[in-house]
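Open the model in your viewer and keep the selection tool ready. Each stop below says what to select next and what is there.

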Amino acid sequence: MDLGCGPGNSTEVLAARWPAARIAGLDSSGAMIETARREFPGQEWVVGDIASWAGETDGGSYDLIFSNAAMQWVGDHATAYPKIFSRVAPGGALATQVPSDLDAPAHTLMRDLAASEFWRRKFTHEIREWHVHDVPFYYDVLAPLASRLDLWTTEYVHVMPGAEAIVEWYRGTGLRPFLDALAMEADRAGFVAEYLELIRKAFPARGDGRVLFPFQRLFLVAYR
């Protein structure tokens with residue numbers, strides 16, 4: 001099972017790795033699932049949210065439950081991860097990856113901007129950023145349940161064409177909770193414009209005009 005499968009890109013990689021396996025993908029976006037069904041008709045595709053799927057008691061078990069950059073949108077990891085792991089078959093594994101750079105400059109800048117006197121009055125509801133914890137948290141949650149638990153972080157240094165590319169990177173990820181909390185399109189555009197100027201200062205261009213953008217991710221593989 002590929003949780004948060006999107007249009008099926010990662011699911012396709014799983015199918016190539018285990019060509020004889022029966023593989024399913026789940027995503028909360030009906031449009032993403034329709035794309036996956038069209039592009040990869042041989043797999044099983046389900047519209048649904050991860051938290052609800054994890055709580056199903058009659059949904060069966062899987063040799064591999066996989067999730068790439070989706071669990072950060074799921075709340076209460078102390079409850080969600082054990083529920084998901086309970087659906088791993090004996091001898092199987094849970095493998096997830098989430099971004100883990102909440103204290104990196106790109107995040108602190110959007111947080112500080114939102115807290116400024118002008119912008120904090122513009123938000124219609126409380127902003128809830130990614131649901132991500134540190135490595136010891138996931139160890140404490142899963143080590144008592146798993147026969148083996150591998151945990152690691154990796155910082156990738158992305159070479160970006162400019163500051164605009166970093167902002168575009170975050171539009172569909174880290175910036176989403178902030179932009180969703182702004183009612184007016186003009187306010188969303190204004191927030192992004194101010195954020196871009198902060199990113200320009202924080203990530204200066206190198207000699208060739210490109211920008212180095214470090215980004216950390218947390219990986220875990222829990223075996224049953």
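Select Ala106, which sits in helix H5 (residues 105-115); helices (H or I, at least four residues) and strands (E, at least two) are DSSP runs, numbered from the N terminus. The model is predicted, so local features need pLDDT of at least 70 and side-chain atom pairs count only at pLDDT 80 or more, while totals for chains, interfaces and linings use all residues. Residues are numbered from 1 along each chain as its sequence is written, and side-chain values use heavy atoms, with hydrogens and water left out.

Is Ala106 buried or exposed? Its relative accessibility is 1%, so Ala106 counts as buried (under 20% relative accessible area; exposed is over 50%, partly exposed in between; 1.4 Å probe, protein chains only). Leaving aside neighbours within four places in sequence, Ala106 is in contact (heavy atoms within 4.5 Å) with Tyr170, Tyr195, Ile199, Phe203 and Phe213.

Next, select Ile199. Not counting residues up to four places away in sequence, Ile199 touches Ala106, Leu109, Ala163, Ile166 and Val167. Ile199 is also one of the residues that touch the most other members of the largest nonpolar core, which has 56 residues. Such a core is a set of buried Ala, Val, Leu, Ile, Met, Phe, Trp, Tyr and Cys residues joined through side-chain atoms within 4.5 Å. Strand E7 gives the most to this core, with 6 residues. Another core, of 5 residues, lies apart from it and includes Cys5 and Trp45.

Now go to H4. Its buried residues are His77, Ala80, Tyr81, Ile84 and Phe85. They lie on the same side of H4 because they cover an arc of only 125° around the axis, taken from the directions from the helix axis to the C-beta atoms. An α-helix has 3.6 residues a turn, so residues three or four places apart point the same way. Among the elements that the buried residues of H4 pack against are H3, H6 and E7.

Move on to helix H6 (residues 135-142), where Tyr138, Val141 and Leu142 are buried. Their arc is only 80° around the axis, which puts them on the same side of H6. They pack against helix H4 (77-85), strand E6 (148-160) and strand E7 (211-223).

For the last stop, select Gly4, Asp27, Ala69, Ala70 and Trp73. Of the 28 residues that line the largest pocket, these lie nearest its centre. Helix H1 (9-17), helix H3 (50-54) and E7 each supply at least two residues of the lining. On a 1 Å grid over the protein atoms alone, a pocket is an open set of points where a 1.4 Å probe fits, with protein on both sides within 12 Å along at least five of seven lines, and lining residues have an atom within 4 Å of a point.
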